[in-house]
Amino acid sequence: QVQLVESGGGLVQAGGSLRLSCAASGSVLSINSMGWYRQAPGKQRELVAAITSGGKTNYADSVKGRFTISRDNAKNTVYLQMNTLKPEDTAVYYCNAIVVTYYGGSAYQGDYWGQGTQVTVSS
């Protein structure tokens, strides 16, 4: 089994910064990609940023130039540096990872999610 644990959320004023972290643990063989999604009350969950094992990145248009996704392969960890935060960024942020894991002597690829961390940006 694979677990994803997020940290770094909190309350910040508009224009401030936060850095989110997500660490994968358990029976991890490799991580093909990791990313961050967010969901505000009454809205659909949306992709914020993603990064592949090769370092290719993808960002939502609304965060380009403000957010930066990065990874530390040795720690199986992904980060999201969020600068110039806006009230519209307020949401629960979820870590996502596509992971190759072992079970019963066989390897499987699965889609895993963290439990979310709250980010609140005050005006």
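Q: Helices (H or I, at least four residues) and strands (E, at least two) are DSSP runs, numbered from the N terminus; where does that place Asn76?
A: Asn76 falls in the loop between β7 and β8. The model is predicted, so local features need pLDDT of at least 70 and side-chain atom pairs count only at pLDDT 80 or more, while totals for chains, interfaces and linings use all residues. Residues are numbered from 1 along each chain as its sequence is written, and side-chain values use heavy atoms, with hydrogens and water left out.

Q: Why is Asn76 called partly exposed?
A: Buried means under 20% relative accessible area, exposed means over 50%, and partly exposed is in between (1.4 Å probe, protein chains only). Asn76 has a relative accessible area of 25%, so it counts as partly exposed.

Q: What makes the phi of Asn76 worth a note?
A: Most residues other than glycine have a negative phi. Asn76 is not a glycine, yet its phi is positive, about 50°. Thr84 also has a positive phi of about 50° without being a glycine. Thr84 sits in the loop between β8 and β9, and its relative accessible area of 46% makes Thr84 partly exposed.

Q: How do you know whether Thr77 is buried or exposed?
A: The relative accessible area of Thr77 is 8%, so Thr77 is buried. Thr77 belongs to strand β8, residues 77-82.

Q: What makes the approach of Thr77 to Lys75 a polar contact?
A: A polar contact is a pair of N or O atoms within 3.5 Å; within protein, one must be able to donate a hydrogen and the other to accept it, and residues adjacent in sequence count only if both atoms are side-chain atoms. A polar atom of the Thr77 side chain lies 2.9 Å from the backbone oxygen of Lys75, so the pair is inside the distance limit.

Q: Which residues is Thr77 in contact with, leaving aside neighbours within four places in sequence?
A: Contact means heavy atoms within 4.5 Å. On that rule Thr77 is in contact with Cys22, Ala23, Met34, Ser70, Arg71 and Asp72.

Q: Why is Met34 called buried?
A: Met34 has a relative accessible area of 7%, so the label buried applies. Met34 lies in strand β4. Beyond neighbours within four places in sequence, its contacts include Cys22, Thr77 and Cys95.

Q: What makes Cys22 and Cys95 a disulfide?
A: A disulfide is a pair of cysteine sulfur atoms within 2.5 Å. The sulfur atoms of Cys22 and Cys95 are 2.0 Å apart, so they form one. The pair links distant parts of the chain, 73 residues apart: Cys22 in strand β3 (residues 18-26) and Cys95 in strand β9 (residues 91-103). By this rule the count is one disulfide. Cys22 and Cys95 are buried.

Q: Why is the disulfide of Cys22 and Cys95 called left-handed?
A: The torsion about its S-S bond is about -85°, so the Cys22 and Cys95 disulfide is left-handed.

Q: Which residues touch the most other members of the largest nonpolar core?
A: A nonpolar core is a set of buried Ala, Val, Leu, Ile, Met, Phe, Trp, Tyr and Cys residues joined through side-chain atoms within 4.5 Å. The largest has 30 residues, and Trp36, Leu80, Met82 and Tyr93 touch the most other members. Strands that each supply at least two residues of this core include β1 (2-7), β7 (67-72) and β11 (117-122). The largest share, five residues, comes from β9.

Q: How do you know that Arg45 lies over the face of Tyr94?
A: A charge sits over a ring if NZ of Lys or CZ of Arg is within 6 Å of the ring centre and within 35 degrees of the ring normal. Arg45 is placed over the face of Tyr94 at 3.8 Å from the ring centre. Arg45 also lies over the face of Trp113, at 4.8 Å from the ring centre.

Q: Why is Leu47 called partly exposed?
A: Its relative accessibility is 28%, so Leu47 counts as partly exposed. Leu47 is in strand β5 and touches Trp36, Tyr37, Asn58 and Ala60, residues up to four places away in sequence not being counted. Leu47 and Ala60 are 13 residues apart in sequence and 6.5 Å apart in space, C-alpha to C-alpha.

Q: What makes Thr52 partly exposed?
A: Thr52 has 30% relative accessibility, so it counts as partly exposed. Thr52 also lies in strand β5.
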